[in-house]
Amino acid sequence: MTLPLTERPAWKALETHFAEVKNLHLRDLFAQDPARGERLTLEAEGIYLDYSKNRVTDQTLRLLINLARESGVEARRDAMFAGEHINSTEDRAVLHTALRLPAGARLIADGEDAAAFVHAVLARMADFAGRVRAGEWRGFTGKPIRNVVNIGIGGSDLGPAMAYEALRHYARRDMTFRFVSNVDATDFAEAVRDLSADETLFVVSSKTFTTLETLTNARTARDWLLSALGDEAAVARHFVAVSTNAAEVERFGIDPANMFEFRDWVGGRYSVDSAIGLSLMLAIGPEGFADFLAGFYAMDRHFREAPLEANLPVLLGMLGIWYNNFFGAETIAVLPYDQYLARFSAYLQQLDMESNGKSVTLGGARVSYQTGPVVWGQPGTNGQHAFYQLIHQGTKLIPCDFIGFARSLNPLGDHHDLLMANFFAQTEALAFGKPADEVAASGVQPELVAHRSFEGNRPSNTLLLEELTPSALGKLIALYEHKVFVQGAVWDINSFDQWGVELGKVLAQRIVPELSGQGELEHDSSTNALIRRYRSARRS
Ligand code: F6P
């Protein structure tokens with residue numbers, strides 16, 4: 001039986017230790033150990049992690065690993081991989097790791113061989129994607145499909161949209177891929193305004209197939225298609241569905257033969273490598289998708305097999321806990337130095353914040369400590385000219401993950417060296433800063449010295465990979481999935497439910513008819529006044 005977090009011996013030791021080391025400066029830690037920058041690194045599965053620019057000593061790292069061990073991270077990890085119902089509030093297994101098992105593997109979950117099921121679906125996806133890409137799957141008027149529009153939201157959008165953007169280099173350039181998520185009609189209208197219906201395939205992606213935004217957009221898409229093609233029979237050639245809910249797919253009017261299934265043991269934010277990745281597979285092809293899955297699998301094996309001390313997700317997770325729970329850092333920035341990863345931070349926001357944005361333990365008790373951080377970021381170098389000022393000189397401690405690649409997929413002139421020079425410079429500047437005496441000695445006017453000094457001691461991780469490939473992206477995603485898992489295990493929360501999104505949904509359903517009606521409103525005075533104002537100003 002695991003003790004409550006704050007009663008675990010390693011937690012208590014970390015509290016004492018924190019008081020001793022909290023003011024240590026990275027400048028001193030590096031001065032004391034000239035090998036630190038090579039020692040505090042870890043290379044696994046093609047990812048080189050330099051964690052030396054963290055405010056930790058060897059003792060901190062030992063205690064953090066002890067905390068992971070005392071928190072039962074290993075047993076919980078093994079329970080997840082084995083298909084136990086660790087999502088206790090929904091009584092479900094958590095088996096996104098089954099999505100990337102190699103062909104021939106066997107894993108029984110809820111009485112079914114999950115690996116065999118996954119590979120059967122993958123084979124159907126590959127067959128379908130192959131036919132679309134070869135121009136054999138034709139639209140209603142006989143034209144090949146040139147446009148694919150994924151309709152989904154949350155995990156049914158962010159994963160495919162982010163991964164498509166990330167792997168665009170490998171995508172079919174003679175096809176157009178769009179992603180519609182927002183119930184704001186502008187999203188749909190702008191996505192299809194330059195597309196011709198007879199060449200467009202809609203992939204309606206929804207785990208539950210009951211999500212208001214997705215079903216509204218899917219109905220609008222069907223109307224758009226029918227107004228152009230004028231025949232209900234066209235739907236079968238232009239709509240496919242990805243879901244766990246065959247009955248609702250059929251009710252919507254999509255032939256179950258055109259449905260690609262996954263199981264409820266895949267959480268929405270963990271579903272990009274399930275059938276939800278169909279639009280990605282259409283873009284990069286079945287082989288590219290297989291490489292993507294192989295990357296996930298490599299990281300899964302590392303997470304399962306590497307000792308905790310040399311385990312990438314465990315290290316990242318525990319370092320995050322060090323800042324979150326001891327330094328009181330409220331956010332983390334994820335800063336990919338690669339334009340293709342423009343949506344990676346947005347993707348991680350859902351992965352991390354929907355998973356670990358919880359305030360009760362698995363046992364239902366209110367936590368007495370901080371849980372998941374706010375995750376945000378933008379690709380470098382753009383962020384440098386926007387929010388880095390606050391990270392360098394503001395009053396908040398913001399640990400950063402820098403992600404970069406040794407080789408560019410678009411090697412033009414010296415762009416990549418310039419990009420990476422900034423990448424290295426930022427972590428150096430954040431860690432070491434520029435003390436006031438150096439600033440003064442450099443001839444800066446005395447009254448400007450305080451303004452132009454940099455305290456430094458701002459921590460960061462550097463993740464360096466060779467090249468952005470489908471496999472590398474799979475590894476990165478799995479790395480963060482497991483990092484989130486480790487933290488959830490330590491915090492003793494359920495990282496796999498998301499009850500917090502329900503209340504807003506229920507209230508919205510109640511408000512919908514009120515917006516066009518005349519009846520009395522029974523909300524608070526603010527909501528009542530806002531609805532009244534909207535009623536009188538809305539277009540009739
Ligand atoms: O935001 C809540 C949520 O349930 C997410 O977890 C999920 O990814 C998203 O809605 C979409 O759900 P679905 O795939 O069922 O349409």
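**Cavities, pockets and ligand**

Modeller: This is a predicted model.

Colleague: What lines the second largest cavity?

Modeller: Its lining is made of Leu99, Phe117, Val118, Val121, Leu122, Met125, Glu261, Phe262, Asp273, Ser274 and Ala275. Helix α6 (residues 114-133) gives the largest share of that lining, five residues. By class, the lining divides into eight nonpolar, one polar and two charged residues.

Colleague: And how many cavities does the search find in the whole structure?

Modeller: Six of 30 Å³ or more. The largest cavity has a volume of about 90 Å³.

Colleague: Which element gives the most to the lining of the largest cavity?

Modeller: α13 does, with four residues. At least two lining residues each come from α13 (312-327), β12 (400-405) and β13 (460-465). The residues that line the largest cavity include Leu316, Leu319, Gly320 and Tyr323, as well as Asp401, Ser460 and Lys483. The classes there are six nonpolar, four polar and two charged.

Colleague: Now pockets. What volume does the largest pocket have?

Modeller: About 1,000 Å³. It has 40 lining residues, and Thr208, Thr211, Gln498, Val501 and Lys505 lie nearest its centre.

Colleague: Which helices supply at least two residues of that lining?

Modeller: Among the elements that do are α7 (155-166), α9 (212-229), α14 (344-356) and α20 (502-516). The lining counts 13 nonpolar, 18 polar and nine charged residues.

Colleague: How about the second largest pocket, what volume is that?

Modeller: About 380 Å³. It is lined by 16 residues, and Gln339, Ser408, Asn410, His415 and Leu419 are the closest to its centre. Seven of the lining residues are nonpolar, eight are polar and one is charged.

Colleague: What does the side chain of Thr208 do with the ligand?

Modeller: An N or O atom of that side chain is 2.6 Å from an oxygen atom of the ligand.

Colleague: Different topic, confidence. What is the mean pLDDT of the chain?

Modeller: The mean is 97, and 100% of the residues reach 70 or more. Within the chain, helix α19 (residues 470-491) has the highest confidence, at 99, while α20 has the lowest, at a mean of 93. α20 is also one of the helices that supply the lining of the largest pocket.

Colleague: And what ipTM and pTM does the predictor give the complex?

Modeller: An ipTM of 0.98 and a pTM of 0.98.

Colleague: Back to geometry. Which peptide bond is cis?

Modeller: The one from Gly380 to Thr381, where omega is near 5°. Thr381 sits in the loop between β11 (374-376) and α15 (388-393).

Colleague: Why point that out?

Modeller: Because most peptide bonds are trans, and most residues other than glycine have a negative phi.

Colleague: What about phi at Asn457, positive or negative?

Modeller: Asn457 has a positive phi of about 65°, and it is not a glycine. Its place is in the loop between α18 (449-452) and β13. β13 also supplies at least two residues of the lining of the largest cavity.

Colleague: And Glu45, where is that?

Modeller: Glu45 is in the hairpin of β1 and β2, which has two residues between the strands, and takes a positive phi near 50°.

Colleague: In which sense do β1 and β2 pair, parallel or antiparallel?

Modeller: Antiparallel, over four bridges, with β1 at residues 41-44 and β2 at residues 47-50. Thr41 has Asp50 of β2 as its bridge partner.

Key:
Residues numbered from 1 in each chain as written. Predicted model: local features only at pLDDT ≥ 70, side-chain atom pairs only at ≥ 80, totals over all residues. Heavy atoms only, no water. 1 Å grid on protein atoms, 1.4 Å probe; cavity = no way out; pocket = protein on both sides within 12 Å on 5 of 7 lines; lining within 4 Å. Points joined across faces, edges and corners; volume = space filled by probe spheres on them. Nonpolar A, V, L, I, M, F, W, Y, C, P; charged D, E, K, R; others polar. Pairing = 2+ DSSP bridges. pLDDT = per-residue confidence, 0-100. Polar contact = N/O pair within 3.5 Å; in protein donor to acceptor, adjacent residues only side chain to side chain.
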